[in-house]
Amino acid sequence: MSNIDLTPLYRTMVGFDRLAGMIDQAARLDGAQGYPPYNIERVEENAFAIEIAVAGFTQDEIDIETKEGLLTVAGKKNETEDGNGRNFLHRGIAQRSFIRRFQLADHVIVTGASLEHGVLRIDLIREIPEEKKARKIEIGAPAAQGPKLIGKKKASDAA
């Protein structure tokens with residue numbers, strides 16, 4: 001993969017430094033890492049689920065954390081428990097420690113997680129704040145009164 005220098009964007013795009021930072025971060029993420037495998041599913045219009053194959057891990061060995069729009073899932077295996085005195089002829093089930101990171105879109109929050117049959121499921125929902133939702137504005141409202149919003153009552157109108 002070729003490296004792209006985004007430095008000129010930082011100088012010319014006022015207010016887009018967060019976007020450029022996200023592009024930089026995405027470029028740094030190791031896309032070649034394939035362990036553990038995962039699925040991302042759209043359950044409903046604003047509901048999603050991430051399923052991660054974590055065979056051999058218990059709930060105590062998995063940490064899930066969100067911080068500043070970044071979901072981090074980490075599995076920690078103790079090296080001393082790795083073999084438990086067992087003599088493997090072939091070891092195809094990977095049980096090594098891992099860290100998986102997912103960049104969450106704005107207003108996406110984690111609502112829960114469950115571990116069943118070696119699959120970790122993390123449920124997500126997008127909750128758009130009321131002030132960010134699209135609203136219709138009535139045409140022809142006098143400029144002195146300001147725009148009249150359709151379908152939304154002001155506190156003064158309700159009284």
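**View 1. Glu68 sits in the loop between strand S3 (62-67) and S4.** Strands here are DSSP runs of E with at least two residues, helices are runs of H or I with at least four residues, and both are numbered from the N terminus. Glu68 has a positive phi of about 50°, although it is not a glycine. Its relative accessibility is 75%, so Glu68 counts as exposed (exposed means over 50% relative accessible area, buried under 20%, and partly exposed in between, with a 1.4 Å probe and protein chains only). A quick note on what you're looking at: this is a predicted model, where local features need pLDDT of at least 70 and side-chain atom pairs count only at pLDDT 80 or more, while totals for chains, interfaces and linings use all residues. Residues are numbered from 1 along each chain as its sequence is written, and side-chain values use heavy atoms, with hydrogens and water left out.

**View 2. His107 is another non-glycine residue with a positive phi, this time about 70°.** Look for His107 in the loop between strand S5 (98-103) and strand S6 (108-116). With a relative accessible area of 34%, His107 is partly exposed.

**View 3. Thr72 is part of strand S4 (residues 70-75).** Thr72 has a relative accessible area of 19%, so it counts as buried. What does Thr72 touch, leaving aside its neighbours within four places in sequence? Its contacts are Asp63, Ile64, Glu65, Ile99, Arg100 and Arg101 (contact means heavy atoms within 4.5 Å).

**View 4. The largest nonpolar core has 16 residues.** Such a core is a set of buried Ala, Val, Leu, Ile, Met, Phe, Trp, Tyr and Cys residues joined through side-chain atoms within 4.5 Å. Ile52, Val73 and Ile122 have the most contacts inside this core. Strand S2 (47-53), S4, S5 and strand S7 (119-126) each supply at least two of the core's residues. Not counting residues up to four places away in sequence, Ile52 touches a list of residues that includes Pro36, Tyr38, Val73, Phe102 and Ile122.

**View 5. Four strands form an open, antiparallel sheet in the order S1-S2-S7-S6.** Two strands pair if DSSP finds at least two bridges between them. At the edges are strand S1 (38-44) and S6, each pairing on one side only. Between S2 and S7, the antiparallel pairing runs over seven bridges. Ala47 stands opposite Ile125 in S7.

**View 6. Ring pairs link Tyr35, Phe57 and Phe98 into a cluster.** Rings of Phe, Tyr and Trp (its six-membered ring) pair if their centres lie within 6.5 Å; planes under 30 degrees apart count as stacked, over 60 as edge-to-face and the rest as tilted. The ring centres of Tyr35 and Phe98 are 6.0 Å apart and the planes are at 90°, so this pair is edge-to-face. Tyr35 lies in the loop between helix H2 (17-28) and S1 while Phe98 is in strand S5, so the pair ties together parts 63 residues apart in sequence. Phe57 and Phe98 are edge-to-face too, at 5.3 Å centre to centre with 85° between the planes. Phe57 is buried at 7% relative accessibility, and Phe98 is buried at 5%.

**View 7. Arg96 lies over the face of Tyr35, at 4.0 Å from the ring centre.** A charge sits over a ring if NZ of Lys or CZ of Arg is within 6 Å of the ring centre and within 35 degrees of the ring normal. Lys77 lies over the face of Phe57, at 5.2 Å from the ring centre.
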